[in-house]
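Please look over the model below before reading the notes.

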Amino acid sequence: AMIDKGNHRHFMQKEIYEQPVVVAQTLRAYLRRMENEVAMPDMDFDLGAVRRITIVACGTSFYAGMVAKYWFEKFARVPVDIDVASEFRYRDPVLEKGGLALFISQSGETADTLAALRHARAADQIIAVVVNVPTSSMAREADLLLPTHAGPEIGVASTKAFTCQLAVLAALAANLARAKGLLTPAEEAEIVWHLSEAPAAMNEALGHDGEIEAMAHLIAPARDVLYLGRGPDYPMALEGALKLKEISYIHAEGYAAGEMKHGPIALIDEAVPVIVIAPSGPLFEKTVSNMQEVQARGGKVVLISDAEGIALAGEGCMATIEMPKVHPLIAPLVYAVPVQLLAYHVAVAKGTDVDQPRNLAKSVTVE
Ligand code: AGP
């Protein structure tokens, strides 16, 4: 079928807006709402026996993997190794027979990831693939195929594929925890409940589009932008920086908030906006103190948090973006929305080619 932009100006904008629907669609394949259970396709191996997971991907899909590492370790207590595909292939990784190798890809055709998959296959790994194109090479070569149901993604900057990957990976983490005997039915029901809340929360996040558009002019003139986050928000900072670089051509870096003082804080002055991704919670205070170090050096902060976080730390920020208060498990899905919208509006303000940024291909099928 012909895919058009509908009433959106760009495919990227359309795809950002589609997220509540396609994430719900994806979750339907992995949650049994009535039974309060997560559900995976049939497996001809014992998930509970998996002792190590190796995650391999590129770009935005790699950042989804970084979030998943956090979940697999936290919920299922399985050690996770993660690497970008172009490094993994050539570093002679130690892969014990029977390990689970997990590949994440929108296209299923990224050359580096596909070669890494074949490398893992040759090393007797069980191959699991989270992929958006069901007819792709990676889908065909999987032992465990975990499709995302994002529909065709046209914009070069990945958006809806990313949040759908997160949805599948969260369900897989819960399934793994159950297989390991680490999840009571009540805890599983709670996870199902929280995941089911994600689409509505993402919808609420989209409601801040106008505000984000209005603040894009604060970022558009910058030469450099920093993104900070902790825990699963650290990969979100990396993702925010990648989105901005790709489509607005502004130099941006994502950093673990606590690493600032080990170097990048030297960059801070009034001309470097700092985007802080920090839902309220146990690590919030720590991130806020990193944020205050930035402010003490004249840095201009945009704080993305919930009402509680903004009440505690919003004063003195150049701008704040208020997200709904959500369970930490779904925060990455929800906070992806403002991060994508910010990059989008900055790019539109700069007049770049949002859907076809220079030098980039949708699917990188060469090494
Ligand atoms: C994301 O916005 C990128 N354009 C890019 O990093 C992408 O995620 C990467 O090339 C991996 O692609 P894949 O998911 O199709 O394997």
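1. The shell around the ligand divides into five nonpolar residues, 10 polar and one charged. Here Ala, Val, Leu, Ile, Met, Phe, Trp, Tyr, Cys and Pro count as nonpolar, Asp, Glu, Lys and Arg as charged, and the others, Gly among them, as polar.

2. This is a predicted model, in which local features need pLDDT of at least 70 and side-chain atom pairs count only at pLDDT 80 or more, while totals for chains, interfaces and linings use all residues. Residues are numbered from 1 along each chain as its sequence is written.

3. G59, T60, S105, S107 and T110 come nearest of the 16 residues around the ligand (near: C-beta atom, placed from the backbone, within 6 Å). Helix 3 supplies the largest share of the shell, three residues. Helices (H or I, at least four residues) and strands (E, at least two) are DSSP runs, numbered from the N terminus.

4. Helix 3 covers residues 59–76. Of its 18 residues, 14 are buried (20 or more other C-beta atoms within 10 Å of a residue's own, C-beta atoms being placed from the backbone; exposed means 12 or fewer, partly exposed in between). R77, which follows helix 3, has a positive phi near 55°.

5. Most residues other than glycine have a negative phi. D92, not a glycine, has a positive phi of about 55°. D92 sits in the loop between helix 4 (85–88) and strand 5 (100–105) and is exposed, with 8 other C-beta atoms within 10 Å.

Technical notes. Expected span 1.5 Å × (residues − 1).
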